[in-house]
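Please load the model in your viewer and keep the selection panel at hand.

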Amino acid sequence: MQQRSPHVSRRSRAGRPAAAGAVAALVLAAGSPAATASPLPGTVTAASPAAPIAPTSPAAPTAPAATAAPIAPPVAPGTAQDAATSIGGERLGRPAVQVAPRAGAPELPAVLTGRSWLVADAATGAVLAARDAHLPLPPASTLKMLFADTVMPKFDRSLEHRVTLAELAGVGAGSSLVGIKENLSYRVEDLWRGVFLASGNDAVHVLSHMNGGLARTVAQMQERARALQARDTRVVSPDGYDQDGQVSSAYDLTLFARAGLRNADFRSYCATRTARFPGGLDLTTGQRTAFDIANTDRLLGKYPGLIGVKNGYTTNAGATFTGAAERGGRTLLVTVMHPEQQSKVYDEAAALLDWGFAAADKVEPVGTLVEEEQAAGPSDPSAPAATATGDPATGVLPQGARQADHALGPAGWTAAALCAALALWAAARIRVRRRLHTRTAAAAAPPVPLSAPAVPPRPDYAPYVAAAAHASAPDVTAGPRTPAPYGAPTLYGAPVPYSTPAPRGATAVGGSTAVGGAGRRRLARRARGLARSVRVRRPS
């Protein structure tokens, strides 16, 4: 953890149980770790990545076998392991410098002030030289390697998460920050860049809350350390911030780095030199801003072949550094803790790497980096059970971090899968029954007669027009026209038969109307025009 200022930073009742069972099963399944994604896109500048470290490699002929190393009992924080039972070999539990040179081997660097250091071959696990490799000391931000190795496989890098204010609460005073803002969304890959490049404790807290909270994450980190046989490590905070009793060792930090580098995403993040990090909202444009962040590892990009991994510093821990470099097809790991001066941690790490590449084939290994401890099966009741809680000294986590991590075994996952399948089958059967019932009810229902609404016939004005034309036409044989009796209906002076329907809704054709006036007036006008034309044609 770098001590610096932060950046400006309606279902039926029958269907509900089945749906609930399916949701519960899906929630259980979501707890399984997600597969890691592809390496980072080309939006960042990274050092040349090394080839992935093989999960298992045969040790050198002279190196002690990893399976032969005894499992040491827990030790009290701040106390080195007993030499006779130390992890990785008896010599790694001794104080002072441990090296076994052959003829022609180069001498170790003259000035090495770190209280604890170790240099080892990443592929074979052979420890070339070490000093107080199991001495528990405050690890500072190098503990973030264990955090990343524990949490990184659980989230896809493209997942977006909206940060809340509660997730940023509790970050230690003076912590290094990458500049995360609440009520804004960040991709998981951006958060991991904030962890590795800027050593941002705010990014660690956000990822920890995504993982279920700080206490759960601490418990999982402690379990992961036990699985890696890192018995000197006691986790109190996931970010490495100074806490009473939080310790690790050069040997354990090297184990964390070796395990993490087997993950392609881990390796890519720790090799990234610069990147663009999402900022806040521009008040003028309303667009999201971004700013540059750079890796605080001073050897990255300067030491030939360096591929990471993590540095750290606090007032209590001093400077700590774990690095990995590749040269000539060989990858070495180095860890330096607590040199006399903060800046010396990089110089001494670089000197040990130079020596390691020169002496790799000219020294006898003084120990080995052990492989991950396999979980004990049901047929091995004598094997010690790994728990999600406990520390190497007392088996109890600190107050506030005693939340157990409950996990399902194979029988539990099988039962969950069967319950989910049964719930889905029941839901599908209920759905089919509903559809069948609906169709049966529709078929049994009496047919509903369909009839069009009665529409009153439109008035027919043809009789009136014909009567008007007949009245207006000349009749040379009939003699003079006889007027219609008083009260008889007429149209332009011509009598209209009583059988002719009277116009509906009108007092007279062409007169004022009460209903349908406009249309009828228009027809009346056409009738009058026709009558006029007939009169005009009549001979004088």
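In what sense do strands β2 and β12 pair, and over how many bridges? Select β2 (residues 97-101) together with β12 (residues 363-364): the two pair in the antiparallel sense over two bridges. Strands here are DSSP runs of E with at least two residues, helices are runs of H or I with at least four residues, and both are numbered from the N terminus. Two strands pair if DSSP finds at least two bridges between them.

This is a predicted model, in which local features need pLDDT of at least 70 and side-chain atom pairs count only at pLDDT 80 or more, while totals for chains, interfaces and linings use all residues. Residues are numbered from 1 along each chain as its sequence is written, and side-chain values use heavy atoms, with hydrogens and water left out.

Select A100 next; its bridge partner in β12 is E364. Buried means under 20% relative accessible area, exposed over 50% and partly exposed in between (1.4 Å probe, protein chains only).

**T320**

Move to T320 in strand β10 (residues 318-327). T320 is buried, with a relative accessible area of 1%. Its side chain reaches the backbone oxygen of P139 at 2.9 Å. Leaving aside neighbours within four places in sequence, T320 has contacts (heavy atoms within 4.5 Å) that include P138, P139, A140, N311, V336 and H338.

**The aromatic cluster**

Select F147, W192, F196, F266 and Y269, which form one aromatic cluster. Rings of Phe, Tyr and Trp (its six-membered ring) pair if their centres lie within 6.5 Å; planes under 30 degrees apart count as stacked, over 60 as edge-to-face and the rest as tilted. By this rule there are seven aromatic pairs. F196 and F266 form an edge-to-face pair, 5.2 Å centre to centre with 85° between the planes. Because F196 lies in helix α4 (residues 188-196) and F266 in helix α8 (residues 264-270), this pair ties together parts that are 70 residues apart in sequence. Both F196 and F266 are buried. The rings of F196 and Y269 have centres 6.2 Å apart and planes at 20°, so that pair is stacked.

Note on methods:
A polar contact is a pair of N or O atoms within 3.5 Å; within protein, one must be able to donate a hydrogen and the other to accept it, and residues adjacent in sequence count only if both atoms are side-chain atoms.
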